[in-house]
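Reader: Hey, I'm new to this one. Can you show me the model and walk me through it?

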Amino acid sequence: MNGTTSEVDRRSLLRAYREQGDIGARDRLVEDFMPLITSLARRYAGRGEQFEDLRQVASLGLVKAIERFDLDRDVELVTYIFPTVVGELKRHFRDRIWAVSVPRRLKELHQQVSRLLEDQTARLGRSPTIAELAEAAGVTEEEVVEAIEAGRAYSARSLTSSPELDDDSDVELIDLLEVEEHGYEDAENRELLASGIKALDERERRIVQLRFVDGLTQSQIAAEVGVSQMHVSRLIRRALETLGKEIQAP
Amino acid sequence: MAAIPGTATVLASSGGGGIVNGEPVVITLPVEGYEHVARLVTGGLASRLEFGFETVDDIQLAIELVLRSIPAREATTTVSFLQDGRSLSVEIEPVAGLTLEQPLRALDGGGMGLGASLERLVDTVELRAGPEPVVVLGKTLPGQP
């Protein structure tokens, strides 16, 4: 935030947005917090994710916080926005960071195949074959299979594991996700930080419900939930890994 | 084919040029921790039948689901792939103690059965009882009888 807007002013802007639908007031509020958003995004950039992508993620967190903040509570707006944005970044990293060291070539091919999968599904009106993906990517079918499998290593690990986030860095993920909380580290905020993880679990549950109970295909679920097919596949597998721990021998 | 504990072995009877109709590809692997090997082999073989990405992923997931559900976690198991040009059949054995009714609590929280879950992923699911029980999963190309 730029520090030129007082808490009273911010609350007035938020009230104008909530009670009168004043979009301009909301936009001014967003603008006021953009330096904070940019600062947080920059802090996490350069570790496998692009700054602009992270700024978008953080901005989404900001908008969510503005929508959800309870004006009746005696808490400063920034103390709610900060952990909500961090929670959104956490969720993003948990979803997207490579769990093990994967060669850059495979990472890039995985991303290319993931894009081709979306494009070809839309163009063909069906799921493309591995051969079609291979031809479009200019690689062999085996390389496509290998790249898809490499993508399984994308996320799916605990926050305290010690992954290699990039080819030349080895950082505890929890270190990456820790931010200076500047006095906001009270119980309430820790609860808010945790809500990002809870939300992810809810989404996993929903995706699994859609696939196994409602019988939707991956591409249908991707359209329904608003994530890529490859990501749907990963989330289902993550749930499956949990399942592996749940199964009890008779 | 005997497996060395902690390793996966692959037996391809088709000379390395892909599976020939009627000839099986067989892998033996520890039940625990080698799901990715099964996925890679499954992906390679299923893609030769020109299944779409989603179908390949579903077949991989079904096999993984069975492997993760086998009660004897310390054992090894054999996964055999057989295709006839229009369909893929996958046999997983032994799966002693496994039932298709066993609930998958983590999946839906309400006890949806393993068999019902597998049927969302492949066309046919069968558990052949016997001294060495076998799970047989079948998937046919779209438009094939």
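Author: Buried means 20 or more other C-beta atoms within 10 Å of a residue's own, exposed means 12 or fewer, and partly exposed is in between, with C-beta atoms placed from the backbone. This is a predicted model, where local features need pLDDT of at least 70 and side-chain atom pairs count only at pLDDT 80 or more, while totals for chains, interfaces and linings use all residues. Residues are numbered from 1 along each chain as its sequence is written, and chains are lettered from A and ligands numbered from 1 in the order in which they are written.

Reader: OK, which residues have the most contacts inside the largest nonpolar core?

Author: Ala62(B), Ile63(B) and Val66(B), in a core of 57 residues. Helix H2 of chain B, residues 53-69, gives the most to this core, with nine residues. (Helices, H or I, have at least four residues and strands, E, at least two; both are DSSP runs numbered from the N terminus.)

Reader: Switching topic, what's up with Glu50(B) and its phi?

Author: Its phi is positive, about 60°, although Glu50(B) is not a glycine. Glu50(B) is in the loop between helix H1 (35-48) and H2 of chain B.

Reader: And how many other C-beta atoms are within 10 Å of Glu50(B)?

Author: There are 14, so Glu50(B) is partly exposed.

Reader: Where's Pro94(B)?

Author: Pro94(B) is in the loop between strand E4 (87-93) and helix H3 (105-108) of chain B. A cis peptide bond joins Glu93(B) to Pro94(B), with omega about -10°.

Note on methods. Core = buried A, V, L, I, M, F, W, Y, C linked by C-beta atoms within 7 Å.
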